[in-house]
Amino acid sequence: MNVLRINGLTKKYGRIKAVDELSLEVEQGMAYGILGPNGSGKTTTLGMVLDITHPDSGSFEWFEGQYGRDARRHVGALLETPNFYPYLNAIDNLGIVAHIKQVKAPRFDELLKLVNLYERRTSKFRTYSLGMKQRLAIASAMVGDPEVLIFDEPTNGLDPQGIAEIRNTLQRIAETGKTIIMASHILDEVEKVCSHVAIIKNGHLLASGTVGAIISDDFLVEVAAEDMPGLQAAFKTDSRIKKAELQEEGVLLLHLENETPAAAINEWAFSKGHTLSHLRIVKKSLEAEFLEITANQ
Amino acid sequence: MLYLLRLEWKKIRKLTSFRLFSICYLILLPAILLTGLRFDELPPPINTNEVFFMFPTVWQYLGYIGNWLCFFFFGFLSIVVVTTEHSYRTMRQNIITGLSRQQYFLSKFYLIVVVSLLAALYYALCGFTIGYLNTEAIYWHKVWQHADYIPRYFLMCFGYMAFGLFLGFMIRRTGIALFLYLAYIMFIELILRWGIHLQIVEHRSMHFYPMNAVEDLVALPFLEMADEFTSKYGFSIYLQPWEASITVLVYSALFLYLAYWRVTRSDL
């Protein structure tokens with residue numbers, strides 16, 4: 001089933017087009033990442049499909065229109081910051097969400113345990129740390145087990161431990177087959193959680209597809225030795241190697257067609273008279289890919 | 001409707017300002033009237049403090065005290081319940097979670113209707129109790145002589161709250177909205193009416209301003225004294241209750257419509 005279809009959505013703030021003729025389709029079961037640098041229109045786009053921002057033109061449709069205007073009750077969303085009543089505790093806050101979504105028997109305890117907030121469930125929201133607030137927001141998005149979850153920069157402002165915790169939680173959710181739409185400027189995050197990705201910049205869609213298709217499949221290896229020019233020349237004669245580029249950090253980056261064991265590369269270099277002082281296999285991250293794509297526009 | 005009211009209740013039952021304002025109102029409404037017990041002799045035209053507690057005048061005096069209390073506490077409350085949801089960004093979250101903008105607006109509208117109803121009921125309860133205990137011979141026609149004060153009292157409270165809701169939705173910032181609410185009712189409208197309107201046209205149309213009409217619904221009880229002003233300007237300084245009621249209804253509808261328009265049109 002088609003969960004969300006966006007058709008030519010446009011939003012202008014004065015003369016600036018925050019979102020420009022954006023079209024996307026999200027199918028059921030996808031973990032869909034919307035990637036883009038800060039200010040690229042991710043939140044504006046999500047704001048429009050969640051009815052808090054009025055589009056200037058274009059349209060969108062949830063669940064092929066089957067729930068009509070009540071579609072948002074079937075979507076769990078967290079946009080930008082966690083927004084709760086600071087004078088209420090976690091249970092009361094989730095109670096309001098459950099009431100709005102008309103959930104009959106909400107399983108708050110289960111959700112709070114999932115996000116590690118069970119012990120603090122009766123503390124007021126205002127006493128929470130940023131990470132706890134963010135985790136409560138994830139729990140609140142999951143109240144009533146909605147068909148789609150939307151996360152906007154879910155790890156913003158968290159410390160490394162908090163980031164790891166949130167990502168693990170998101171990965172677990174994605175593995176259950178639930179449809180997830182996640183906006184982020186951190187590619188690593190999208191790569192870890194998402195199956196599909198759309199890259200946007202200045203409100204334009206630059207590329208979209210499966211994460212595998214967007215990432216190039218070159219196999220990358222970093223090497224270094226005392227005689228760098230000699231090493232580079234030697235590797236250029238090897239047919240398995242598509243490209244050998246000297247990097248600023250003083251290492252040589254090899255692009256290989258196929259996956260090759262590190263030992264084989266080391267052996268080959270040694271046979272040409274070079275003793276490698278550095279050898280590292282680099283899976284090219286989506287981050288570099290992303291920077292490449294957005295820089296070219 | 002119950003769905004939205006129960007949602008509002010979940011939101012405000014632990015809100016400090018709601019608790020504080022409600023308790024203040026519940027205590028002060030009878031308490032202020034009862035301070036009248038300390039004044040045995042009063043200047044004319046009141047003469048004796050008995051009129052404070054007897055049917056039918058108890059309705060007027062208690063109502064006038066309630067007028068001030070509703071102006072402060074419930075007017076403030078109607079602003080705070082809107083602006084805090086803005087600063088906490090919970091209004092935005094309510095919409096994301098699934099409420100429609102119409103429902104959000106309606107939930108606030110129902111809230112002010114219910115609070116005004118409860119305030120008026122409490123006023124009726126206090127009025128009956130105090131009147132019953134302090135009137136020696138109770139004649140039912142005396143009891144009911146000014147009982148039209150009860151629906152007028154409701155409309156008065158509703159008028160303040162509708163204006164508060166309007167300012168809350170329009171201005172969104174608690175401090176500025178509260179300041180404007182106080183400044184408009186206590187100074188700006190007075191300046192408009194007495195300083196500008198009256199100087200241009202000396203006509204009783206100067207009374208048909210929103211907050212003046214609200215105040216006149218349950219006005220200062222010394223109607224006799226008003227005659228002096230009547231002779232000076234050639235018209236009464238008060239609106240008739242029916243005029244005030246219609247004026248309040250028209251302005252409240254306008255305020256609520258503008259607030260609704262703002263809620264449905266603006267980006268959150």
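Me: Before we look at the sheets, when do two strands count as paired?
Reply: Two strands pair if DSSP finds at least two bridges between them. Keep in mind that this is a predicted model. With that rule, chain A shows an open sheet of six strands in the order β5-β6-β7-β3-β8-β9, and its pairing is mixed.

Me: Which strands of that sheet stand at the edges?
Reply: They are β5 (75-78) and β9 of chain A. Each has a single partner strand, so one side of each is left without a neighbour in the sheet. From one strand to the next, the twist averages 15°.

Me: How do I see the mixed pairing in actual strands?
Reply: Follow β8(A) to its two partners. Strand β3 (residues 31-35) of chain A runs parallel to β8(A), and four bridges join them; there, A:Gly33 stands opposite A:Val197. Strand β8 (residues 196-201) and strand β9 (residues 204-210) of chain A, by contrast, pair in the antiparallel sense over six bridges. In that pair A:His196 faces A:Thr210 of β9(A).

Me: How many residues lie between the strands in the hairpin of β8(A) and β9(A)?
Reply: Two residues lie between them, and A:Asn202 in this hairpin takes a positive phi near 50°. Another residue to check is A:Asn116, whose phi is near 65°, a positive value in a residue other than glycine. You will find A:Asn116 in the loop between α3 (108-114) and α4 of chain A.

Me: And where does helix α4 of chain A lie?
Reply: Helix α4 (residues 130-141) of chain A lies across β5 and β6 (148-152), and runs at about 165° to β5(A).

Me: How is chain A divided into domains?
Reply: There is domain 1 (2-213) and domain 2 (219-295). Taken over C-alpha atoms, the centres of these domains of chain A are separated by 39 Å.

Me: What is the strand order in the open sheet of four strands?
Reply: The order is β11-β12-β10-β13 in chain A, with antiparallel pairing. Here β11 (241-246) and β13 (276-282) stand at the edges, each with a single partner strand, so one side of each is left without a neighbour in the sheet. Neighbouring strands are turned by 20° against each other on average, direction ignored. For one pair in detail, take β11(A) and strand β12 (residues 252-256) of chain A, which are antiparallel over five bridges. The bridge partner of A:Lys243 in β12(A) is A:His255.

Me: Which strands does helix α8 of chain A touch?
Reply: Helix α8 (residues 228-236) packs on the sheet and touches β10 (219-225), β11 and β12 of chain A, its direction making about 165° with that of β11(A). Helix α9 (residues 262-271) of chain A lies across β10 and β13, at about 150° to β13(A).

Me: Let's turn to helices. What describes two packed helices?
Reply: In chain B, the axes of helix α4 (residues 57-87) and helix α6 (residues 101-134) come within 11 Å and cross at roughly 155°. Angles over 145 degrees count as roughly antiparallel, and α4(B) and α6(B) are therefore roughly antiparallel to each other. The crossing of α4(B) past α6(B) is right-handed.

Me: What classes of residue make up the contact of α4(B) with α6(B)?
Reply: The contact has 15 nonpolar, five polar and one charged. Among the residues that meet are B:Trp59, B:Phe74 and B:Val81 in α4(B), and B:Lys108, B:Ile112 and B:Tyr123 in α6(B). While you are in chain B, look at the peptide bond from B:Phe55 to B:Pro56: it is cis, with omega near -5°. B:Pro56 is in the loop between α3 (50-53) and α4 of chain B.

Me: How many residues does each chain give to the contact between chain A and chain B?
Reply: Chain B gives 21 residues and chain A gives 23 residues. On the side of chain B that touches chain A, α1 (2-12) and α5 (90-97) each supply at least two residues, and α5(B) gives the most, with seven residues. That side of chain B divides into seven nonpolar, seven polar and seven charged residues.

Me: How do helix α2 of chain A and α1(B) cross?
Reply: The axes of helix α2 (residues 90-101) of chain A and α1(B) come within 10 Å and cross at roughly 170°. That makes α2(A) roughly antiparallel to α1(B). The contact is made by A:Gly95, A:Ile96, A:His99 and A:Ile100 from α2(A), with B:Arg6, B:Leu7, B:Lys10 and B:Lys11 from α1(B). By class, this contact has three nonpolar, two polar and three charged residues.

How values were computed
Residues are numbered from 1 along each chain as its sequence is written. Chains are lettered from A and ligands numbered from 1 in the order in which they are written. This is a predicted model: local features need pLDDT of at least 70, side-chain atom pairs count only at pLDDT 80 or more; totals for chains, interfaces and linings use all residues. Two residues are in contact if their C-beta atoms, placed from the backbone, lie within 7 Å. Ala, Val, Leu, Ile, Met, Phe, Trp, Tyr, Cys and Pro count as nonpolar, Asp, Glu, Lys and Arg as charged, and the others, Gly among them, as polar. Domain bounds come from an automatic or database domain assignment. Axes are lines fitted to C-alpha atoms, for helices over the stretch in contact, and angles run from 0 to 180 degrees between N-to-C directions. Angles under 35 degrees count as roughly parallel, over 145 as roughly antiparallel, 65 to 115 as roughly perpendicular and the rest as oblique. A crossing is left-handed if the near helix is turned anticlockwise from the far one by less than a right angle, and right-handed if clockwise.
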